[in-house]
Amino acid sequence: MTQSSKLWTKDFIIIFLTNFFTHVVFYLLMVMIAIFTATKFNVSQSVAGFATGIFVLASLLARIFTGKYLDRFGRKKMLVYSLIVFVIAMILHLYADQLYFLLIIRFIHGAMHGCITTAAGAIAADLIPDDRRGEGTGYYSTAMNIAMAFGPFLGMFLYERTSFTVIFMVGIVVSLFDLIVICFLKPPQKVMIEEHQKGFYLKDFIEPKAVPISASVFLITLAYASLISFLTQYARDIHLVSASSFFFIVYALALIITRPFTGKWFDLFGANRLNYPLLLVVAVGFFLLCMVQNSFMFLLSAVFIGIGYGTLISNFQAIAIQESPSHRKSLATSTFFMFLDLSNGIGPYLVGVMVTFIPLKMVYGIVAIWIFVCLFVYYLVYGKRVKSISER
């Protein structure tokens, strides 16, 4: 291995930890804010849900502008300043005595989350060697996947044993640690390439070459939204509540165990040889979920969905970066996560509409079929055009 292809440098470890800590706070509050809002202000579930959704909306809006101005402002500077505001917004949760004040805090917090993750993703893209793009992007994404399991677990654990104040304090401590860690980061110097244009142009905010694969991410994340929003309700319907608390733990473990292999296979054999089987793996996972009869089948579905969806997200992100010009990695990263955020925002609503007409068991069956639609779209936008990375 040459020096240029070294992956686990000090700076990559720091940006990996930043991705982890930021998403621990995100998922810690994601499972708690609706409960906190409904309990604190005695409002309906729809209003409580809005306190959760406004965070995602703000994050999406922030990405639109962060991608354009990130390199002009400075990536580390963006990270540090955004994290400072992120910490302040986290502290202000302790003083949210009015609903409107909480919504303002959630909006600011969400906007800073969008800035942080866009800047961190762009820095990670520069730190990862091109010959290890799939492997490096996979490991970077794993930080979020681990946080996705650990954050909700920590939130529910604290909720059952402590108070909302303690939960917010834990979020503050994690945010502060995140800020301290990022101060030791020394990102690569970025050569600024100015694109002088007057007026408003869409490509100033979105990288066109990253849009096709990002559209695939949007479609497959609609399926994943059915898990985030309704898995607990489904587990209650089929009397497997005790198993449901371990679903995302198993999901993350399956992904972590397979990550060292899948990332290298992406770089060695190309995207298609990995992504087509992974899409089928996701379909199998949702089919098992719709047919589940016991805890073993329930958690086995978590293994398939974790390996499939979790790996696909990092693979698609690597493709978005590879397809885009090197000087527009920031916009490519921003574009990718804009589509991801948009799907995370729309998905729960669409699935909620379906649930009013059909049982969740049937919904997950439909989701399994939907994955084949995603496979066909992937083939159209990328698969038929690129057989393997080595042939490009």
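1. Helix α5 makes the greatest contribution to the lining of the largest cavity, giving 3 residues. The model is a predicted one. Two or more lining residues come from each of α5 (99-127), α6 and α12 (295-323).

2. The cavity count is 1 at a threshold of 30 Å³ or more, and the largest cavity has a volume of about 30 Å³. Its lining consists of Gly 121, Ala 124, Ala 125, Ile 128, Thr 137, Tyr 140, Gln 317 and Ile 321. Sorted by class, the lining has 5 nonpolar and 3 polar residues, with no charged ones.

3. Helix α6 covers residues 133-161, 29 residues in total. From first to last C-alpha α6 reaches 42 Å, close to the 42 Å expected at 1.5 Å a residue. Of the 29 residues in α6, 21 are buried, and the helix is mostly covered.

4. The whole structure contains 24 aromatic pairs. In one of them, Trp 8 and Phe 12, the ring centres are 4.9 Å apart and the planes stand at 80 degrees, so the pair is edge-to-face. Trp 8 is partly exposed because its relative accessibility is 37%; Phe 12, at 0%, is buried.

5. Phe 36 and Phe 164 are also edge-to-face, because their planes are at 75 degrees, with ring centres 5.1 Å apart. This pair links distant parts of the chain: Phe 36 lies in helix α2 (residues 33-41) and Phe 164 in helix α7 (residues 164-182), 128 residues apart. Phe 36 is buried at 6% relative accessibility, and Phe 164 is buried at 17%.

6. One aromatic cluster is formed by Tyr 224, Phe 247, Phe 248, Tyr 251, Phe 298 and Tyr 309.

Notes:
Residues are numbered from 1 along each chain as its sequence is written. This is a predicted model: local features need pLDDT of at least 70, side-chain atom pairs count only at pLDDT 80 or more; totals for chains, interfaces and linings use all residues. Side-chain values use heavy atoms; hydrogens and water are left out. Helices (H or I, at least four residues) and strands (E, at least two) are DSSP runs, numbered from the N terminus. The expected span of a helix is 1.5 Å times one less than its number of residues. Buried means under 20% relative accessible area, exposed over 50%, partly exposed in between (1.4 Å probe, protein chains only). On a 1 Å grid over the protein atoms alone, a cavity is a set of points where a 1.4 Å probe fits but cannot get out, and a pocket is an open set with protein on both sides within 12 Å along at least five of seven lines; lining residues have an atom within 4 Å of a point. Grid points are joined across faces, edges and corners, and a volume is the space filled by probe spheres set on the points. Ala, Val, Leu, Ile, Met, Phe, Trp, Tyr, Cys and Pro count as nonpolar, Asp, Glu, Lys and Arg as charged, and the others, Gly among them, as polar. Rings of Phe, Tyr and Trp (its six-membered ring) pair if their centres lie within 6.5 Å; planes under 30 degrees apart count as stacked, over 60 as edge-to-face and the rest as tilted.
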